Amino acid sequence: MAVVAPGQAASGSTTGAPHVLVVPYPAQGHMQPLLHLASLLAARGLRLTLVATPATVRLLAPLVAEHPASVRPLTFPSAADHDTSGPTSVGADFHAVAALRGPLGEWLRSRAHSDSGDGETGRVVAVISDFFCGWTQPLAAEAGVPRLVFAPSGVLATAATHSLFRRMLRPPEGDAGRGYAVSFPALPGAPAFPWRQISRMYRSYVEGDSDEHSEAIKDNFLWNLESAAFVCNTCHPIEGTYLDAQPLEDLASKRVWAVGPVAPPPDSTGEDDPASNVTAWLDAFPDSSVAYVSFGTMMVPPPPHAAALASALEWSGTPFVWAAATTTLPDGFEDRAAAAGTGLVLRGWAPQVAALRHHAVGCFVTHCGWKSVLESSAAGVPMLAWPMAADQFFNARLVVEARVAVAASWGGFGGVPDAEDLARALTEVVGEAGAGMRARAKELALMVAEAVGEGGRSRRDLDGLVEELRELGILG
């Protein structure tokens with residue numbers, strides 16, 4: 001049985017406001033941007049019920065506190081044993097999340113009509129759910145309400161991934177399959193990617209034996225194509241080529257609302273803030289002289305990759321902050337950097353946004369996870385792009401073609417770049433040599449800020465989305 005948290009007293013009333021069910025996927029890179037979007041929707045007068053588990057309900061607490069009259073968590077105790085969310089989570093088990101289908105469907109059906117529901121929540125007019133929650137599509141259809149797909153990734157990667165499952169492409173067998181590239185002729189420029197750069201999730205599906213798990217993943221993406229629309233955490237300054245080409249055949253010609261970047265304002269740092277130690281260390285360096293290095297919370301570069309980068313940093317003499325997490329670094333590297341005062345290795349939480357916005361940082365060595373791409377773009381910092389897996393090759397192609405990044409390697413986990421090549425790439429971005437690229441990155445940052453500001457393209461898409469949801473409430 002689901003539990004809806006009781007409402008709290010508030011100065012404003014949301015009685016009669018459209019009620020939307022929001023279903024996150026409990027992995028950090030998916031949940032955070034959807035919660036930020038939920039905050040923007042609540043601030044515009046919508047009532048929201050957010051699905052949670054006992055392990056994720058704590059992540060909703062700040063949102064509920066900010067909007068006590070309009071946001072309520074809907075917790076399903078039966079999912080408690082399956083949740084794996086958290087700051088360093090690698091994501092929830094796909095089937096465990098889909099197990100909510102039964103109890104959530106029952107709850108949704110009871111609130112899909114004007115003469116049903118309760119005084120606290122009332123009729124649901126739409127469902128917004130993560131693109132890994134495709135199983136909510138048949139629930140919404142059965143309840144007679146539209147479902148909108150939230151994509152935490154860019155529209156290029158989102159369209160390409162859905163295209164793969166729709167077209168079911170696979171490389172030819174034998175020698176004919178060597179060098180096979182997947183093309184996307186329905187997208188502007190007909191981009192093509194080597195087979196090894198296609199997500200492992202899809203390659204495993206077509207190369208392995210079909211089982212219940214793989215079929216569920218395929219069904220997930222096909223269900224997404226039946227939705228009413230896509231809501232993407234992207235913006236025109238970064239992906240205008242694809243957004244302006246709507247309707248996109250690879251997304252079943254559905255409307256794409258580009259509302260990104262959805263993120264809180266950059267936090268100011270104080271003396272007790274962990275970021276203050278990093279920014280104080282950076283204060284000693286000239287403008288644009290330091291490389292910030294991070295491969296995210298889920299991607300750990302293998303020791304040979306890390307060793308190549310460590311050698312490149314030393315050979316090029318580039319000062320650095322490395323958010324290393326559990327990365328294995330070469331013996332003595334960290335001590336040498338610390339003794340010389342040229343390197344800072346972080347093993348715990350890293351204040352990425354604060355570091356990227358510091359004047360001393362002139363380059364971001366990144367795996368090109370979408371959150372990192374957005375944060376670097378918003379900060380006006382050029383990138384040394386080193387994609388490893390998932391959607392990262394699509395994202396890296398975007399920023400390299402926009403000339404705000406240089407490719408460190410296209411080999412992913414399977415290829416170790418030469419350290420001297422990496423050192424040369426660093427010198428192309430950091431310092432004087434990277435002045436032109438930094439100017440383009442700063443210009444991109446201004447356009448991103450304009451997109452989310454008053455009258456900007458992302459703000460207009462967000463307002464248009466809210467208006468559409470309001471009309472559903474009126475028509476219902």
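Here is a short tour of a predicted model, with two stops to click through.

**Stop one: residues 20-59**

Start by selecting residues 20-59, which the unreviewed UniProt entry lists as "domain: Glycosyltransferase N-terminal".

Now pick out helix 1, residues 28-43, and find Pro33 in it. Is Pro33 buried or exposed? Its relative accessible area is 9%, so Pro33 counts as buried, the cut-off being under 20%.

Show what surrounds Pro33. Leaving aside residues up to four places away in sequence, Pro33 touches Gln28, Phe150, Pro152, Asn233 and Val262. Val262 deserves a click: it sits 229 residues from Pro33 along the chain, yet their C-alpha atoms are separated by 5.8 Å.

**Stop two: helix 11 against helix 16**

Next, select helix 11 (residues 303-316) together with helix 16 (residues 419-429). How are two packed helices described? By the angle between their axes and the distance between the axes. For helix 11 and helix 16 the angle is about 55 degrees and the axes are 8 Å apart. That angle makes helix 11 oblique to helix 16, and the crossing is right-handed.

From helix 11, take Ala308, Leu309, Ser311, Ala312, Leu313, Trp315 and Ser316; across from them in helix 16 are Ala419, Glu420, Leu422, Ala423, Leu426 and Thr427. Colour the contact of helix 11 with helix 16 by residue class and you get nine nonpolar, three polar and one charged.

Conventions
Residues numbered from 1 in each chain as written. Predicted model: local features only at pLDDT ≥ 70, side-chain atom pairs only at ≥ 80, totals over all residues. Heavy atoms only, no water. Axes fitted to C-alpha atoms, helices over the stretch in contact; angles between N-to-C directions. Helix = DSSP H or I, 4+ residues; strand = E, 2+ residues; numbered from the N terminus. Parallel < 35°, antiparallel > 145°, perpendicular 65-115°, else oblique. Left-handed = near helix turned anticlockwise from the far one by under 90°. Contact = heavy atoms within 4.5 Å. Nonpolar A, V, L, I, M, F, W, Y, C, P; charged D, E, K, R; others polar. UniProt positions renumbered as here; feature names shortened; annotations may be inferred. Buried < 20%, exposed > 50% of the residue type's maximum accessible area, 1.4 Å probe, protein only.
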